[in-house]
Amino acid sequence: DLRRLDELKERVSGAISSRWRIVDLVEQNAALLKALNTEKLVLFLAIGLIVVVAALNIVSTLILMVNDKIKEIGTLSAMGAMPNGIARVFIFQGLVIGVIGGGLGVTLGAVISVVMDHYEVIKLNPEVYYLTHVPLVPRLTDLVFVGIAALLVSLAATIYPAFKAAKLDPVEAIRYE
């Protein structure tokens, strides 16, 4: 049990001579664990860049939608719709995209991680690493953090198109219709 390593080291050192040095699994594999943590950080940055690209996709989709819906936005404004109400429509639309995309991404990522861990897809040489494969166990805190981050990025991506739609002049929007 990795949570009881210090306690077990003390018990073993008390049971044997003080001439012996006790080394646990974590100390013995410190370089591997450091490499895995570095890899985790690099993967987090790469995934963060993917999320930013997805956010830019949401921005461009909503800007195109605002441009396609100029007549409808102008009509709603002329009929008395408040700019905040129009902005909320586009923010809600981007939020729905973020919830669906983030939920699918987190779910698929967790499932793929569990499957890859079960089938030991990334093998290691046990003579070198004392492990047979790279463990890919998704943690709930990581999944929640990634899901919330994706949701916040998608929400932030909706702000510019939503307020662009809210600031449309209704007279200009429906002038040529």
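Visitor: What share of the residues of the chain count as buried?

Guide: In this predicted model, 19% of the 177 residues count as buried.

Visitor: What makes the chain more spread out than a compact globule?

Guide: Start with the secondary structure: eight helices and zero strands, in the order α-α-α-α-α-α-α-α along the sequence. For 177 residues the globule rule gives 16 Å, but the radius of gyration of the chain is 26 Å, well over that value, so the chain is more spread out than a compact globule.

Visitor: What does the C-alpha trace span along its principal axes?

Guide: About 90 × 30 × 20 Å.

Visitor: How much of the contacts with a separation of 6 or more comes from residues 24 or more positions apart?

Guide: Such residues account for 68% of those contacts, where a contact means heavy atoms within 4.5 Å.

Visitor: Which atoms does the accessible surface belong to, and how many charged side chains are there?

Guide: The accessible surface comes to about 12800 Å², and 69% of it belongs to carbon and sulfur atoms. The chain has 16 positive and 16 negative side chains, with the centres of the two sets 3 Å apart.

Note on methods: Residues are numbered from 1 along each chain as its sequence is written. This is a predicted model: local features need pLDDT of at least 70, side-chain atom pairs count only at pLDDT 80 or more; totals for chains, interfaces and linings use all residues. Side-chain values use heavy atoms; hydrogens and water are left out. Helices (H or I, at least four residues) and strands (E, at least two) are DSSP runs, numbered from the N terminus. The radius of gyration is taken over C-alpha atoms; the globule rule is 2.2 Å times the number of residues to the power 0.38. Buried means under 20% relative accessible area, exposed over 50%, partly exposed in between (1.4 Å probe, protein chains only). Accessible areas come from the Shrake-Rupley method with a 1.4 Å probe; for residues, only the protein chains shown count as cover. Lys and Arg count as positive and Asp and Glu as negative; His and the chain ends are not counted. The place of a charge is taken as NZ of Lys, CZ of Arg, CG of Asp or CD of Glu.
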